[in-house]
Amino acid sequence: GGFNAYLKKLKDIVNKDYEGFIFDSKDRPIQPLPLHRSYRRNKTRLDPMLYALLENFPDPTPEDNVKSSVLDSLIAFNNSNDNQFAQLFSNTDVIDADKGTLYTIDGLHGNKVPLKIYQPTKTTQKGELPVLIYIHGGGMAVFSLRTYEQYCRYLSSFGMIVVGVDFRGSIDAPFPGGLYDCYAAYRWIRNNCNTLGFNPNLIFIGGDSGGCNLTLATSLLSKQELYPSPAGQFYITPYFYPDNNHASRNTYNHHLINTDVLDLCAQNYGNFNNPLAWPGAVASKEQLEDMPPVLAFISEIDPLYDDGVEVCWKLKRCGVKVESHIIPGALHIAPLLTNYVPHISEMVGRCLVSWMNSFKVNNERMKSLL
């Protein structure tokens, strides 16, 4: 239905389904919701379904072993939590997307990068569908595509092609290994659009948490390499800063994620002054200019709340088109918890596919003017 239908859908969400969802239709990022101090001190603001999850889900904390190195601690964390998070993200009700086709491409370090392409089952018109290259979370360090496979299928069921990238986390390859894998995946998809039947003007890139940092870094690397940029970027509860200086890191610590894990991920990733490692934190205005448009979803009850808000405003000040949404009462990575908060997951999925399809309408308008 194009951009106007997208605006109407968002307004319907505001008016009917999700009280407190703020929308701004004038190409400006959405203002963060004002939080009463009492909300910052207890869980009364939490979505009731997420409150129940917190009560029953053990806080994912690295093993308390002072003799362990940062790398060993992260490896232990990955081994003990990978299956647990895969179960959190599972959704047995996904029936409108296939189980994915595996491809193995050449990486930039002589390595191989596995990709999995998921397609909706209700259409055969691949060239008309937007394509999302999905970069999973895990602080650029832990987890794998297997952890996020069900969520990739879930997104595809809304009417998009999803390409899951099984990049090397920093526990397997130090920076820039994972970034180069993501960049190689993006280039391979774009270079093979004719073979795959994809529209090169509808290639988007996005992810959750640390995957957002890699998304912005991949876009920046494309700019530096003078390679065509993605059509747009998609962020879910983004992780952009290597330090814990933001207020939300303290206020919402231990709400499904904790600063001990964030510290380990940042220490292992390192390169704190490198704009390709931490583009949201240290990239200059000149470097961030002309970045692709952004659609961001930021959870209110999230240690990384300030990461998302600050980088969205930073990008906007650099001239980037940014549309950011605060999800009230939501935890970190809440949109991925499809079995727990389906109303949040569906809202994000529908908004995402409508936003991506609006680019198709704009491209057709441009062609008609030429």
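This is a predicted model: local features need pLDDT of at least 70, side-chain atom pairs count only at pLDDT 80 or more; totals for chains, interfaces and linings use all residues.
I take two strands as paired if DSSP finds at least two bridges between them. Helices (H or I, at least four residues) and strands (E, at least two) are DSSP runs, numbered from the N terminus.

Residues are numbered from 1 along each chain as its sequence is written, and side-chain values use heavy atoms, with hydrogens and water left out.

**Entry 1: strand S3.** I looked up the pairing of S3 (residues 131–135). S3 and strand S5 (residues 203–208) run parallel and share five bridges. Leu132 has Phe204 as its bridge partner in S5. Strand S4 (residues 161–165) also pairs with S3 in parallel, through five bridges. There, Val131 is partnered by Ile161. I then followed the chain from S3 through helix H4 (residues 145–156) to S4 and found a right-handed β-α-β unit. Right-handed is read with the strands pointing away from the viewer: the path from the first strand over the helix to the second runs clockwise.

Next I checked burial. I use buried for under 20% relative accessible area, exposed for over 50%, and partly exposed in between (1.4 Å probe, protein chains only). Five of the five residues of S3 are buried. Which residues sit on each side of S3? Val131, Ile133 and Ile135 are on one side, Leu132 and Tyr134 on the other, and both faces are covered.

Entry 2: Points are joined across faces, edges and corners, and a volume is the space filled by probe spheres set on the points. I found two cavities of 30 Å³ or more. By class I noted 14 nonpolar, six polar and one charged residues in the lining of the largest cavity. Here Ala, Val, Leu, Ile, Met, Phe, Trp, Tyr, Cys and Pro count as nonpolar, Asp, Glu, Lys and Arg as charged, and the others, Gly among them, as polar.

Entry 3: Most residues other than glycine have a negative phi, and most peptide bonds are trans. I listed some exceptions. Phe175 and Pro176 are joined by a cis peptide bond, with omega of about 10°. Pro176 lies in the loop between S4 and helix H5 (177–191).

Asp290 has a positive phi of about 70°. I place Asp290 in the loop between helix H11 (285–288) and strand S7 (294–301). Ile333 also has a positive phi, near 50°. Its loop runs between strand S8 (322–331) and helix H13 (342–369). Are these two buried or exposed? Asp290 is exposed at 66% relative accessible area, whereas Ile333 is buried at 5%.

**Entry 4: disulfides.** I counted cysteine sulfur pairs within 2.5 Å as disulfides. The count is zero. Cys193 is buried at 2% relative accessible area, and Cys351 is buried at 0%.

Terms used. On a 1 Å grid over the protein atoms alone, a cavity is a set of points where a 1.4 Å probe fits but cannot get out, and a pocket is an open set with protein on both sides within 12 Å along at least five of seven lines; lining residues have an atom within 4 Å of a point.
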